[in-house]
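Work through the exercises below with the sequence and the 3D view at hand. Try each task before you read its solution.

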Amino acid sequence: MAEGDPRLRALAHPVRLRMLSLMWGAPMSAAELSRELGISHALASHHLRCLDDAGLAELADVRVRRGGRERRYRAAGGTPLTEQRDGFPLLAEALARSLRERAGRRRAGEEGVTADAELWVEPELWHDVRGRILAAIVDLHEGAAAPRTPGTMRVGATVAAFPLTESTGPEGR
């Protein structure tokens with residue numbers, strides 16, 4: 001069952017999605033994540049363990065700080081959300097919650113891109129557009145810096161584009 005997949009379960013939690021996004025730009029410890037997300041250190045440690053156990057986060061380094069050892073993690077390579085097919089409704093719900101939360105923090109007066117579409121297009125066009133969307137998201141991830149790095153701006157991006165079944169459901173028949 002897809003909901004039993006540890007990667008999917010880890011991805012289906014909005015706090016873990018945010019943690020992965022933050023760790024994409026630079027390795028972070030549970031303490032750093034707790035401060036950035038406004039959650040307890042214990043909760044950040046729990047979510048970080050879940051991401052590590054699922055293979056979505058990996059130990060980047062261990063630093064000595066204040067006489068203790070600080071374990072810093074980074075997002076594991078690749079784009080873990082791109083190929084999620086099984087259990088996609090669970091992941092879509094987590095993405096929707098994340099989008100609702102981020103929408104409330106949208107900076108007033110700044111440009112963005114918002115689109116919604118249910119279209120019929122030729123397969124070649126779909127494959128081309130899918131590749132360009134993926135490339136744009138990869139560019140954002142590759143350009144990510146540590147949170148609050150001088151000269152950077154915080155952006156949110158949630159994208160889900162996929163082929164649909166041909167039926168429209170009972171109301172469309």
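The exercises go from the whole chain to single residues.

**Exercise 1. The overall plan**

Task: State how many helices and strands the protein has, and give their order.

Solution. Keep in mind that this is a predicted model.
- Step 1: Count the elements. There are 6 helices and 3 strands.
- Step 2: The order is α-α-β-α-α-β-β-α-α.
- Step 3: Look at burial. Of the 173 residues, 25% count as buried.
- Step 4: The protein exposes about 11900 Å². Carbon and sulfur atoms supply 54% of that area.
- Step 5: Look at contacts between residues at least 6 apart in sequence. Of these, 62% join residues at least 24 apart.

**Exercise 2. A covered helix**

Task: Decide how many residues of helix 3 are buried, and name what they pack against.

Solution. 
- Step 1: Name them. They are Ala-30, Ala-31, Glu-32, Leu-33, Ser-34, Glu-36 and Leu-37.
- Step 2: Find the partners. The buried residues pack against helix 2, strand 1, helix 4, strand 2 and strand 3.
- Step 3: Gly-38 follows, with a positive phi near 70 degrees.

**Exercise 3. The nonpolar core**

Task: Find which residues have the most contacts inside the largest nonpolar core.

Solution. 
- Step 1: Take the core as a whole. The largest nonpolar core has 23 residues.
- Step 2: Pick out those with the most contacts inside it. They are Met-19, Leu-20, Met-23, Leu-33, Leu-48, Leu-51 and Leu-56.
- Step 3: Ask which elements contribute. Helices 1, 2, 3, 4 and 5 and strand 3 each give two or more residues.
- Step 4: Find the main supplier. Helix 2 gives the largest share, 5 residues.
- Step 5: Follow one residue. Beyond its neighbours up to four places away in sequence, Leu-20 touches Leu-11, Leu-51, Leu-56 and Ala-75.

**Exercise 4. Buried, partly exposed or exposed?**

Task: Classify His-47, Arg-72 and Leu-43.

Solution. 
- Step 1: Start with His-47, in helix 4. Its relative accessibility is 4%, so His-47 counts as buried. Leaving aside neighbours within four places in sequence, its contacts are His-13, Val-15, Arg-16 and Met-19.
- Step 2: Turn to Arg-72, in strand 3. Its relative accessible area is 12%, so Arg-72 is buried.
- Step 3: Finish with Leu-43, in helix 4. At 36% relative accessibility, Leu-43 counts as partly exposed. Leu-43 and Ala-30 are 13 residues apart in sequence, and their C-alpha atoms are 8.7 Å apart in space.

**Exercise 5. Positive phi outside glycine**

Task: Give the phi and the accessibility of Arg-66 and Arg-148.

Solution. 
- Step 1: Recall the rule. Most residues other than glycine have a negative phi.
- Step 2: Take Arg-66, in the loop between strand 2 and strand 3. Its phi is positive, near 50 degrees. Arg-66 is exposed, with a relative accessible area of 84%.
- Step 3: Take Arg-148, in the segment after helix 6. Its phi is positive too, about 65 degrees. At 63% relative accessibility, Arg-148 counts as exposed.

How values were computed: Residues numbered from 1 in each chain as written. Predicted model: local features only at pLDDT ≥ 70, side-chain atom pairs only at ≥ 80, totals over all residues. Heavy atoms only, no water. Helix = DSSP H or I, 4+ residues; strand = E, 2+ residues; numbered from the N terminus. Buried < 20%, exposed > 50% of the residue type's maximum accessible area, 1.4 Å probe, protein only. Contact = heavy atoms within 4.5 Å. Areas by Shrake-Rupley, 256 points an atom, 1.4 Å probe, with all protein chains shown as cover. Core = buried A, V, L, I, M, F, W, Y, C linked by side-chain atoms within 4.5 Å.
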